Amino acid sequence: MSAAEALQPGAADQVAAPAPLPNTGSLSRRMIGIAAAWIFVLLLSGGLALDRILTNTITTSFDDQLEYVLTAMISSAEIGPDGEVFFNRPLGDQRFLEPNSGLYWQISGQGHADFTSRSLWDRALKIETAHSDAQPHIYDSDQFPDHELRIIEQSIYLPGSKVRWRFMVAQSRAEMDLQLRQLRETLGYSFALLALGLIMMAGLQTLYGLWPLRKVKEAIQAMRTGRMDRVRDPMPIEVMPMVEELNALLEHNEKQAEEARRHAGNLAHALKTPLTVVMNSATARADDLADTVIREAAVMRRQVDHHLARARAVGRRGQALARANVWESAQAVERAVVRLYPHVRCDLDGSKIAEVAIERQDLEEMLGNLVENAGKYGGGSVFVTIDPKGAADPKLVDIWIEDDGTGIPEKERERIFDRGARLDTGKPGTGLGLAIVRDVAEIYGGKVELDESEDLGGLLVRLRLPRAA
């Protein structure tokens, strides 16, 4: 791409535009959909139950009226001199006198003509001869083509008669069906409006409940543009854990960036002096230029190794799944040290299952420096104890490295951790081993201490590292 094209507005944005992240759909639509489905199920169940209850109530009331008329008929019926049944008082409902009014009665007996209400006119109620009921029996019938009937009947013996008379009262279901239809329409409209109102309320509740997430988004955008450094607005209790983790992540990243800048500055400062010495020697065409270059290059290499070890530890510290078995790493270090120093005897003891929340490479680098120092400066015996009983902090794994050497005087134990510090200059080394161990241990949240070994009489190094969950 040419310089002119690169300067065109939007060109860099088009190149740097990130690919859209995959998503699992709208959280609001998911919550509203679940609420709507649950509202539909509850209202449908409640509506069906209420419809059944009200339908039974209306039907029972309708049947009670028919049974009341049937009771009035039976109590008013007598047998005349001719053996026919008659009423000693008329029934009070005027509809019995109106033809096809929808309310009818009929009394039937074997061998006798049917005694019917005037409302039946030229029709008669069908008699089911397959059964005879001593108690009131209610059923629906479609024997009239113009309207469906609700019929109640009962068979009894009247005083002075040996005939079993069947009393029947029938009424059109039109009125009851109309009431049921109006009831169901009212229930349908009411429950539909209720469902709509509840879904709208669920939608408003969802939008209001998720509104703090918009504030988090705005705060993150403000941080990205440099207007804020943390999410400081008050948030609901449910959102606060996420905000706290976000702020902790930002603080962690800032610490890592600051450590990276500090390490880069320290490395540049450490390399500046050796480079100056080399340049001065080269400019002066000194006779010992080759020796000077070799000596200062070794110094620079030690500094680079030291800072690289710190940088690796800082980069791995954020890996939440980092864990290493201490026994396995100690065995690997022991084999390497024994090959390097054949006269050294290295013994391991303690827990074989203790694990630390550290990358195995960093753990072995720390153990390697400590065990190698014990083998190099000791008298030939090295003893490593992993997670001994009676440790001070259960959250830390203690690793003791002991040797039978001369040890380190107490007043020198703090200085020995400085970069390049060495007490025995007669043996090869860089003086960075303990400094690297201390820096890497502190980066992971651990620490290292020096003491005198009670068993071997030499140096005791206590390396304490965070225990893996």
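Strands here are DSSP runs of E with at least two residues, numbered from the N terminus. Ser351 sits in the loop between two of them, β9 and β10. The model is predicted.

**Whole protein**
- Nine helices and 14 strands make up the secondary structure.
- The protein has 469 residues, and 37% of them are buried.
- Take contacts between residues at least 6 apart in sequence: 59% of these join residues at least 24 apart.

**Helix α7**
- Helix α7 runs over residues 326–340, 15 residues in total.
- From first C-alpha to last, α7 reaches 21 Å, close to the 21 Å expected at 1.5 Å a residue.
- Its buried residues are Val326, Trp327, Ser329, Ala330, Val333 and Val337.
- These residues lie on the same side of α7 because they cover an arc of only 155° around the axis.
- Their cover includes strands β8 (324–325), β9 (345–350), β10 (355–356), β11 (381–386) and β12 (396–403), along with helix α8 (360–377).
- Asn325 caps the N-terminal end of α7. One of its side-chain oxygens lies 3.1 Å from the backbone nitrogen of Trp327.

**Ser351**
- Ser351 has 18% relative accessibility. The cut-off for buried is under 20%, so Ser351 counts as buried.
- A polar atom of the Ser351 side chain lies 3.3 Å from the backbone nitrogen of Ile353.
- Beyond its neighbours within four places in sequence, Ser351 contacts Trp327, Ile386 and Asp387.

Notes: Residues are numbered from 1 along each chain as its sequence is written. This is a predicted model: local features need pLDDT of at least 70, side-chain atom pairs count only at pLDDT 80 or more; totals for chains, interfaces and linings use all residues. Side-chain values use heavy atoms; hydrogens and water are left out. Helices (H or I, at least four residues) and strands (E, at least two) are DSSP runs, numbered from the N terminus. The expected span of a helix is 1.5 Å times one less than its number of residues. Buried means under 20% relative accessible area, exposed over 50%, partly exposed in between (1.4 Å probe, protein chains only). The arc is that of the directions from the helix axis to the C-beta atoms. Contact means heavy atoms within 4.5 Å. A polar contact is a pair of N or O atoms within 3.5 Å; within protein, one must be able to donate a hydrogen and the other to accept it, and residues adjacent in sequence count only if both atoms are side-chain atoms.
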